[in-house]
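Have the sequence and the 3D view ready.

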Amino acid sequence: MTVTTEFAVEKHSDHTGAKIGMWLFLFTELLLFGGVFILYSVYRYKYAQDFHIAAFELNKVMGAVNTIILLTSSLTMALSIGALQRYNRKLANIFLVSTILLAVLFLVNKYFEWGAKIDHGIYPGSKLMESSFNYGENLFFGLYYSMTGLHGVHVIVGIVLLTVMLYIINKEPGSVYVIEPKRAREMEGSRIMLGKNASTNPQDIALIDDTVRRVEISVRHYNTEKTFDRSNIIKLENSGLYWHLVDIIWIFLFPLFYLIT
Amino acid sequence: MAHQEPEQHIVSYGTYVLVWLGLLVLTGLTVAVAGTDLGNFSVWMAILIAGIKSLLVLFIFMHIRYESQLFTVMILIVLFALVIFISLTFFDVSYR
């Protein structure tokens with residue numbers, strides 16, 4: 001005889017709470033970059049002419065291309081979240097992979113840009129900078145390397161984060177449902193079958209008696225095209241928030257370093 | 001089985017693409033403006049355009065337009081703190 005017992009599973013999620021948490025973290029990032037922006041503005045105010053001259057060394061086209069790359073990656077990020085919100089996991093994957101690739105492309109450009117500059121002997125502490133650059137120009141390049149470098153570190157973190165998200169939104173979610181003592185009493189005397197062939201193998205049948213305190217049932221979900229763990233959406237949204245912040249910081253870095261000639 | 005999530009505002013793909021186009025146009029504008037000589041004004045122009053671009057990203061890409069007011073208030077508090085830091089720093093630097 002088979003007795004069916006119903007049990008409800010509560011899965012708590014707090015969309016707004018998760019977002020507030022992410023925003024609080026973003027505020028610390030904002031203040032971190034805000035600090036170096038203040039440093040930049042004070043030195044630019046004091047050495048306006050030197051900053052002017054030094055900025056000629058930067059490649060405007062390279063900077064503009066990187067801006068377009070980052071803006072586009074922000075678009076694909078937003079589209080990826082939009083696709084997941086519509087339960088279209090396949091499209092979300094395509095856009096998420098595009099975002100990651102664009103982020104890598106940004107870093108590749110950055111590598112060539114920094115590389116060219118270092119080849120020309122322009123890097124903090126180089127002979128050229130110490131001998132023929134004046135104080136303000138040295139400050140400009142010091143700030144250039146530290147600020148675009150700090151931003152670059154954030155891009156790397158973003159790539160790692162988005163790659164982890166790519167795994168998370170595609171992995172098959174497993175859940176453990178726990179039947180607490182009160183509910184477990186209702187099941188007393190029933191048997192729990194373990195494994196597919198439990199009906200033919202008596203050893204796999206466990207009897208629930210008063211020694212049982214807790215019943216844990218592990219359920220394996222399989223993702224289909226339309227159904228998957230919905231709690232992943234908020235995770236992807238929060239990762240997107242981080243990525244957009246990295247974009248906003250670059251939106252300010254680009255004109256402040258490349259376009260002040 | 002899981003709690004039903006509160007219904008979320010879903011932004012159309014078209015809106016995102018429009019915002020992206022706007023951002024590209026503004027990038028072109030900031031490059032173009034940098035080419036002309038506006039004197040001291042060019043710094044403020046660059047910051048103004050960057051500010052508009054950030055607002056576009058903030059409101060649409062980062063969904064602030066569709067979230068509760070709480071987020072706007074929190075962001076304003078942080079920006080206010082930054083403005084205090086910047087103004088106090090410049091107050092110090094200018095009158096030293």
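In this predicted model, helix 3 of chain A and helix 1 (residues 13-35) of chain B have axes that come within 10 Å and cross at roughly 165°. Axes here are lines fitted to C-alpha atoms, for helices over the stretch in contact, with angles from 0 to 180 degrees between N-to-C directions. Helix 3 of chain A is therefore roughly antiparallel to helix 1 of chain B, a label for angles over 145 degrees.

**The helix pair**
- Among the residues making this contact are A:Leu71 and A:Leu75 of helix 3 of chain A, and B:Trp20 and B:Leu24 of helix 1 of chain B.
- Two residues are in contact if their C-beta atoms, placed from the backbone, lie within 7 Å.
- The residues of this helix contact divide into 13 nonpolar, four polar and no charged.
- Ala, Val, Leu, Ile, Met, Phe, Trp, Tyr, Cys and Pro count as nonpolar, Asp, Glu, Lys and Arg as charged, and the others, Gly among them, as polar.

**The whole contact between the chains**
- Chain A and chain B each bring 34 residues to the contact.
- Helix 3 of chain A gives the most to the side of chain A that touches chain B, with eleven residues.

**Chain A as a whole**
- Chain A has eight helices and four strands; these are DSSP runs, with helices (H or I) of at least four residues and strands (E) of at least two, numbered from the N terminus.

**Reading the model**
- Residues are numbered from 1 along each chain as its sequence is written, while chains are lettered from A and ligands numbered from 1 in the order in which they are written.
- Because the model is predicted, local features need pLDDT of at least 70 and side-chain atom pairs count only at pLDDT 80 or more, while totals for chains, interfaces and linings use all residues.

How values were computed:
Parallel < 35°, antiparallel > 145°, perpendicular 65-115°, else oblique.
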